[in-house]
Amino acid sequence: MSYFCTAIFKKMKIKRYLFLTFTATLLLSGCKPEFNQNADYKDITISYGILNPKDTVHYIKVYKAFLTDGNAIVAARNLDNISYYDSIEVFVEEYENERLTRSIPFYMTTAVPKDSGIFAYDPQVIYYSTATLNEKNVYKLKIFNKMSGKEITATTPLVGKFSISQPFSDIASFLTSSTATLKFGKAPNAVAYDVYLKFYYIELDKFTGDTIDNNGEIVWRVTRIRSEQPTIEVSLVLKQLYQIIANRLRYDENIVRHTKGADCITLEVWGAEKNYMIYLDVNEPSSSLVQDRVFYTNMVSADKSAYGIFSSRNMAKRRYKLINSPNNAALDSLRFGSITGHLGFQ
């Protein structure tokens with residue numbers, strides 16, 4: 001994912017796929033607003049938080065823009081330039097039918113690792129809570145700067161639970177050359193969905209039997225669909241998964257591969273709340289030579305100096321067995337088929 005602090009959430013299971021990623025071109029691309037480096041310093045706050053009622057830990061990232069007369073990349077590596085530490089209070093209010101039911105504090109931590117990059121990463125400052133969220137309620141983020149008195153707010157409903165109804169068998173017999181139909185119910189408060197197929201495998205040294213990779217994963221974002229229908233259908237040729245596997249793995253005469261268990265295929269559908277979807281739409285990579293574009297945020301502050309997004313997501317998942325069945329030799333296709341037969345699967 002590409003965003004202001006590279007791979008901020010990569011170690012927090014928010015990876016390189018939709019509703020798991022942020023593309024904060026707000027400060028990296030040629031988007032508005034423009035910051036005058038000769039102007040007096042103004043506290044500009046950037047915050048990201050995507051709630052999921054299924055999560056046991058919730059994270060909110062809050063950092064600040066900075067001015068420098070020197071090398072901006074060098075300055076960005078100084079954590080003091082981008083972090084508020086404990087000079088801010090971060091909490092989320094819960095509302096049931098517009099009635100405040102509780103205020104959930106988010107605590108500062110530096111214990112969550114992050115990949116290195118241009119910006120300061122060791123440690124990173126992030127705010128977390130282990131509170132259980134109610135998907136029927138509305139949540140309001142509040143960030144209070146104890147030094148300046150500035151308050152920032154943003155509000156989101158939660159994307160509720162939903163389920164995948166088709167394919168209904170637990171055998172991946174849908175990996176055929178014919179068109180398959182995926183069906184899932186609408187997630188409350190979701191307006192768009194990303195559909196993923198994930199394939200899990202193990203790599204071993206052919207001669208020693210030593211494990212090279214016990215957690216191989218290939219992720220295919222199958223499609224993105226916008227719909228608010230009660231039941232959503234997606235027609236796809238899911239045998240393309242074999243081609244994705246062939247594109248991602250290389251032949252190595254020293255490596256043998258196995259599926260990671262029989263149920264090595266996962267179908268995931270991620271639902272996104274409206275504000276998140278707008279934010280992603282606005283910040284999609286542009287093929288145009290004109291890079292001046294609008295931006296979107298649902299952060300609110302009196303001096304209009306807050307940017308980012310506070311929203312929600314949720315996920316439905318089913319696992320499937322990649323085995324031979326009377327209707328489809330799915331495992332043999334992986335081992336011996338013309339697309340993946342050269343990759344050493346056994």
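User: What do the buried residues of α4 pack against?

Analyst: This is a predicted model, and in it the buried residues of α4 pack against β10, β11 (211-226), β14 (265-273) and α6 (330-336). The α4 residues that are buried are L241, Y242, I244, I245 and A246.

User: Let's pick something from β10, then. Why is V195 called buried?

Analyst: V195 lies in strand β10. Its relative accessible area is 0%, and buried means under 20%, so V195 counts as buried.

User: Which residues is V195 in contact with, leaving aside its neighbours within four places in sequence?

Analyst: V195 is in contact with L182, F184, W220, R221, V222, T223, L267, E268 and V269. To be called a contact, heavy atoms have to be within 4.5 Å. As for M315, which is 120 residues from V195 along the chain, the C-alpha atoms of the two are separated by 9.8 Å.

User: What makes D252 buried?

Analyst: D252 has a relative accessibility of 18%. The cut-off is under 20%, so D252 gets the label buried. You'll find D252 in the loop between α4 (240-248) and β13 (255-259).

User: And why is the link between D252 and R250 called a polar contact?

Analyst: Their side chains are joined at 3.4 Å. A polar contact needs a pair of N or O atoms within 3.5 Å, one able to donate a hydrogen and the other to accept it, so the D252 and R250 pair is called a polar contact.

User: Is K304 buried or exposed, and how do you know?

Analyst: K304 comes in at 68% relative accessible area. Exposed means over 50%, so K304 is exposed. K304 sits in the loop between β15 (300-301) and β16 (306-320). Its phi is near 55 degrees, a positive value in a residue other than glycine.

User: What about N189: what label does a relative accessible area of 38% give?

Analyst: With buried under 20% and exposed over 50%, 38% lands in between, so N189 is partly exposed. N189 is in the loop between β9 and β10 (190-205). Phi of N189 is also positive, near 70 degrees, and N189 is a residue other than glycine.

User: One last thing: where is P167, and what is omega for the peptide bond from Q166 to P167?

Analyst: P167 is in the loop between β8 (164-166) and β9 (180-185). The peptide bond from Q166 to P167 has omega near 5 degrees and is cis.

Notes
Residues numbered from 1 in each chain as written. Predicted model: local features only at pLDDT ≥ 70, side-chain atom pairs only at ≥ 80, totals over all residues. Heavy atoms only, no water. Helix = DSSP H or I, 4+ residues; strand = E, 2+ residues; numbered from the N terminus. Buried < 20%, exposed > 50% of the residue type's maximum accessible area, 1.4 Å probe, protein only.
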